[in-house]
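Biologist: Could we go through this structure together? I would like to begin with the charged side chains and then turn to the strands.

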Amino acid sequence: MAVPSDANVELLLCDAVRQHSNGKLDLAGYFPVLEVRVDSSAPLPAAIDLTFVFVLKDGEGTFPAIFRIVDPLGEELHHHNIAKVDKTAGAPHVMMLPVTRIPITRAGNFEISLEIAGERYRRQVRIFQ
């Protein structure tokens with residue numbers, strides 16, 4: 001068993017995603033960079049819905065996982081335990097994690113992390129007005 005290497009874990013950010021039986025993904029509202037602009041006329045706090053798509057390109061084994069969202073001041077906004085991730089060697093593994101009503105009280109860099117078997121993969125998403 002080998003956890004994925006950090007360089008081979010990709011995060012895609014979108015409004016929604018659907019996976020076909022052939023493995024192809026339909027992304028709706030794809031953000032080409034890890035930035036989300038909240039409508040400047042919307043007063044904070046606000047709640048937004050996002051889908052986080054992690055693509056694990058290497059590694060092999062069955063692992064527990066934890067998905068987290070942490071705001072710019074270090075407050076955990078979302079925590080989801082994933083019972084198991086089955087990663088097959090030589091094939092990518094896609095994890096689609098929709099989160100509704102993420103509370104946004106301030107703009108800044110939010111930490112999006114996926115922890116697999118104790119190894120944490122951190123990405124930053126800038127949310128601003």
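Biologist: Which side chain meets Asp-86 in a salt bridge?
Modeller: In this predicted model, the side chain of Lys-84 meets Asp-86 in a salt bridge, at 3.8 Å from N to O. The term stands for a side-chain nitrogen of Lys or Arg within 4 Å of a carboxyl oxygen of Asp or Glu.

Biologist: Is Lys-84 buried or exposed?
Modeller: Lys-84 is exposed, with a relative accessible area of 54%, and Asp-86 is partly exposed at 38%. Buried means under 20% relative accessible area, exposed over 50%, and partly exposed in between, with a 1.4 Å probe and protein chains only.

Biologist: What are the ground rules for the model?
Modeller: The model is predicted: local features need pLDDT of at least 70 and side-chain atom pairs count only at pLDDT 80 or more, while totals for chains, interfaces and linings use all residues. Residues are numbered from 1 along each chain as its sequence is written, and side-chain values use heavy atoms, with hydrogens and water left out.

Biologist: How many salt bridges are there?
Modeller: The count comes to ten. One of them joins Arg-126 and Glu-35, whose closest N and O atoms are 3.5 Å apart. Arg-126 lies in strand β10 and Glu-35 in strand β4, so this pair ties together parts that are 91 residues apart in sequence. Strands here are DSSP runs (E, at least two residues), numbered from the N terminus.

Biologist: Which residues are linked in a network of salt bridges?
Modeller: That network links Arg-68, Glu-76, Glu-115 and Arg-120.

Biologist: Now the sheet. In what order do the strands come?
Modeller: The order is β4-β10-β9-β6-β7, an open sheet of five strands with mixed pairing. Two strands pair if DSSP finds at least two bridges between them.

Biologist: Which strands stand at the edges?
Modeller: Those are β4 (35–37) and β7 (76–87); each has a single partner strand, so one side of each is left without a neighbour in the sheet.

Biologist: In which sense does β4 pair with β10, parallel or antiparallel?
Modeller: Parallel, over three bridges. Within β10, Phe-128 stands opposite Arg-37.

Biologist: Which residue is the bridge partner of Thr-62?
Modeller: Asp-86 in β7 is the bridge partner of Thr-62; the side chain of Asp-86 also meets that of Lys-84 in the salt bridge discussed above.

Methods
Helix = DSSP H or I, 4+ residues; strand = E, 2+ residues; numbered from the N terminus.
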